[in-house]
Amino acid sequence: MAKVALLAGAATIALLTSPASAQPAADQADQTKKTEDTKPAPAGATLLDKILVISRTGETAIESLASASHVDQEQLDRRMATTPNEMLLGVPGVAVQADARRVSSSINIRGLQDFGRVAVIVDGARQNFQRSDHGTQSTFYVDPELIKSVDVIRGPTANTYGSGAIGGVVFFDTKDAVDFLRSGETWAGSVTGRYESNGKGWTASASGAYKFNDDLDVLGNIVYRDYGDYKNGSGDTVAGSGFDVLSGLLKTTIRPSENSELKLGWVGSSDGWTETSGGVPANDVDLKSNTFTARYNITDDAKSWLDLHINASYNKTNLDLTTLVPQNRFDPSTGLPVLLPVGSTSTFDVGTAGVDIWNTSRFETAGVAHELTYGGDWVGDDVETGGTAGGDSFYTPSGKRSVSGAYIQDKLTWDWLEVIAGLRYDNYSLEDSTHETSGDRLSPRITVGVTPFESASLAGLQFYGTYAEGYRSPSLTETLISGNHPAGVTFPFLPNPNLRPETGKTTEFGVNYKLNDLIEAGDAFRLKAGYFHNDVDDYIEGVTLSAFDPTSGCPFGPGIPICFQYQNVAQAKINGFELESVYDAGWGYAGLSASIINGHTISDEGERADLATIPSSQVTGQLGFRFLQDKLTVGGEVQYNGKPKGNPVAKDYTLVNAFASYQATDNLKVDFRADNLFDVKYTNPLNGGTTAVIYEPGITLKLAATMRFGG
C-alpha cells in the first residue's frame with residue numbers, strides 16, 4: 001500500500017505542476033525526445049520513416065522492399081510493456097506465445113515459430129534457448145524496460161541475418177547513453193515506479209548514464225518486477241502466473257575515430273516463478289540469462305566501398321527446476337513407474353556463441369547505383385541437461401550444433417527501378433555422444449521494385465515482388481530426443497538422425513506508399529501492404545506412430561502402444577495478407593494494421609491438416625491526440641482477433657485499451673494505461689495445443705511516474 005500511495009502522490013504532483021514551455025510539434029515517433037532535444041523533427045515524418053536498426057543498408061521501413069516494421073521508444077513507452085507480447089502489439093504477422101510463465105516468450109511470424117524458425121536477436125546475439133515441454137519450445141528472456149526499439153522482418157527475405165530464419169527476424173536493440181543524455185549533459189539518472197492492478201504487480205527501474213568525453217560513454221539500467229498471479233476476464237485467478245525478476249543492462253560506447261564505433265554490452269536477468277500442474281504448484285523455477293555483445297562498425301564517406309560491421313556475442317541461459325511435491329513419473333530408460341521426490345532437480349544449460357561480419361560497398365556502373373553487401377556468420381549451440389532420473393531435463397537432449405553461412409547481395413537502383421539479387425550458402429552440423437548429422441544448401445533471393453509515377457500524389461507509390469528461399473537445419477531436440485514420456489501415460493520418444501532440413505520458399509507481392517501534406521501542411525501518410533505465399537518443404541513436425549504398424553519402427557513397450565517422433569512432413573503451406581499504415585499530423589495520429597494468415601500441412605500421402613501454429617487473424621486500430629503543446633498524449637487501441645481454423649479452444653474476441661502520458665515538467669513524466677478495458681475472457685490460440693487452456697489477463701490498470709535528473 002505504501003508503494004501505491006507514493007506512486008499516486010507522484011501522479012498528483014505531476015497533474016498539479018504547470019507545464020514547462022513546449023517545443024514545436026513533431027512526428028509520432030520522436031515524441032519522447034521532445035524534452036531532450038530542442039531541434040524539431042522534420043515535417044512529414046512517421047514511424048515508418050525510422051531507419052531499421054536491423055537493415056544492412058540503412059533503409060527505413062517504408063523504403064524496404066520487404067515486409068518490415070519498426071517499433072520505437074515512444075511506442076514502447078506508451079504500451080508500458082511487461083512482456084514481449086505487449087511490445088509487439090499490432091505488428092502485422094507477429095504473435096507471441098507465452099503461457100502462465102509470462103517471463104518466457106516464443107515469437108511466431110506468419111505461423112512459423114520454435115526451433116529457430118524465427119531468429120530472435122538481442123543486440124546482435126541469437127537467443128536459442130530451448131526446453132522440451134508442452135506449449136512453447138523455444139523461449140527467450142528480455143525485459144521490455146531495457147529495450148529502445150524493435151525491428152521485425154517477415155519471411156526468408158531476412159536471410160542475410162543468419163541461418164534458419166525461414167519465418168523472419170526480430171531484433172531487440174537496447175538503450176544507449178546517447179539516447180538518455182540531453183544536449184550538454186555529462187551525466188543523468190532516472191527512477192521509475194509502476195503499479196499494475198491485475199496481479200498487484202510492482203516495477204521499479206533505475207537508469208544512469210555518464211559521458212566521459214565525446215569518444216566514451218556508459219549506460220547502466222536495473223529493473224525489478226514483482227507480480228502476483230493475475231485474474232482472467234471472469235475474475236478467476238490463473239495459478240502460476242506470478243513471477244519476480246531482476247534484470248540489468250550495462251553498455252558502453254567507444255569511438256576510436258570519427259568514423260568508427262565499438263559497443264560493448266551486457267544484458268542479464270534472474271527470474272523466478274512457480275509451475276503448476278492441475279492448478280497445484282509442482283516446480284520451483286530459477287532462471288538466469290546473460291548476454292554479452294561486442295559490435296564494431298567503421299565507415300568512411302570518402303571510401304564508398306567501406307561500411308564494415310563485426311559483431312561477436314555469447315548468450316548463456318541456465319534454468320533449474322526443483323520439485324515441490326512428490327511426482328509419479330516413468331523412468332526414461334525402462335518406462336517403469338518411479339517416484340520423483342520433493343527436491344528433485346532438473347537443469348537446462350544452453351550456451352550460444354555467434355560471430356557476424358559484413359560489409360557494404362557502394363558504387364555506380366553505367367548510371368546504375370549499387371549497394372553490394374557481402375558477409376558471413378556462425379552460430380554454435382552447446383546444450384547440457386541433467387538432474388534426477390525421471391526429471392524433465394532428460395527430454396531435452398544434450399549436444400552441440402554449429403550453423404554457418406555466407407552471402408552476397410546486390411541492390412541495384414536506376415531511376416524508377418530497383419532490383420535486389422542475393423545468394424546465401426548455409427552449412428550445419430550437430431552431434432551428441434552417439435549421433436552426428438550435417439547438411440548444406442544455396443538459397444536465392446530476387447526482388448524487383450518499381451516506382452512508376454511522377455505526379456505529386458503518386459510519386460511515393462512503389463510496387464514490388466519477391467521470391468526468396470530460406471534453410472533451417474533440424475535442432476538438437478528434434479533430432480535426438482529419446483526416452484519415455486515422463487508422466488500421465490508412458491510411451492517412447494524416438495530420435496531421428498535422418499531428419500532433413502526445412503526449406504522455405506516464399507513469394508511476396510507488396511506496395512509501399514508515402515505522401516506528405518495530405519490534409520494539411522506538415523502531415524504525413526504511410527502505408528505498407530503485401531500478400532505472401534510460403535511453401536515449406538520437408539516441414540518438421542511431431543508425429544504419433546503406432547506400434548501395431550510394423551513399418552513405423554515403433555516398438556511395443558510397457559506403456560501405450562504408440563511412439564512420438566519428429567519427422568519431415570511433405571509440405572507446410574502458409575499464405576496471408578498484411579497491412580500497416582499510419583497518419584500523423586503533429587496534433588494527433590491514427591494507425592491501422594491487419595494480418596490474415598492461413599496455413600496447413602500436406603503429408604506424403606496427400607493428407608491435409610490444419611497447422612497448429614497459425615495465430616489469430618488481427619485488425620488493430622490506434623488513435624491518439626496531443627494537447628498542451630505536446631505535453632499530454634491520450635488515445636486508445638482496438639484489436640479484433642479472429643480464431644484460426646481447426647483450433648479447438650480459440651474464439652473471436654476484441655480487446656480495447658486506453659492510455660495517457662503527461663510530461664508534467666522536463667524532469668517528471670506520468671503514464672497511465674488500461675489494458676483489456678472491458679474485461680474480456682480470452683485465450684491465445686497458440687496455447688490451444690497445451691494440456692490445459694490458459695486464459696489471458698482481464699482488465700489491468702497501470703500507473704507509472706518517472707523522475708529524471710542530470711547535469
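Reply: pLDDT is the predictor's confidence in each residue, on a scale from 0 to 100. This is a predicted model, and the mean pLDDT of its chain is 87, with 92% of the residues at 70 or more.

Me: Where does pLDDT stay under 50?
Reply: That applies to residues 1–43, for which the model has 91 contacts beyond four places in sequence. Where pLDDT is low, the predicted coordinates should not be read in detail.

Me: Now the cavities. How many of 30 Å³ or more are found?
Reply: A search of the whole structure gives twelve.

Me: Which residues lie nearest the centre of the largest cavity?
Reply: They are Asn85, Glu86, Leu655, Tyr682 and Glu696, out of 36 lining residues. Two or more lining residues come from each of α3 (84–87), β2 (94–97), β31 (632–642), β32 (653–665), β33 (668–675) and β34 (700–710).

Me: And what is that lining by class?
Reply: The lining of the largest cavity has 13 nonpolar, 14 polar and nine charged residues.

Me: What is the volume of the second largest cavity?
Reply: Its volume is about 330 Å³. The second largest cavity is lined by 26 residues, and Phe115, Asn128, Phe129, Gln130 and Ser138 lie nearest its centre.

Me: Which elements supply at least two residues of that lining?
Reply: For the second largest cavity, these are β3 (106–109), β4 (118–122), β18 (368–387) and α5 (476–480). By class, its lining has ten nonpolar, eleven polar and five charged residues.

How values were computed:
Residues numbered from 1 in each chain as written. Predicted model: local features only at pLDDT ≥ 70, side-chain atom pairs only at ≥ 80, totals over all residues. Heavy atoms only, no water. 1 Å grid on protein atoms, 1.4 Å probe; cavity = no way out; pocket = protein on both sides within 12 Å on 5 of 7 lines; lining within 4 Å. Points joined across faces, edges and corners; volume = space filled by probe spheres on them. Helix = DSSP H or I, 4+ residues; strand = E, 2+ residues; numbered from the N terminus. Nonpolar A, V, L, I, M, F, W, Y, C, P; charged D, E, K, R; others polar. Contact = heavy atoms within 4.5 Å.
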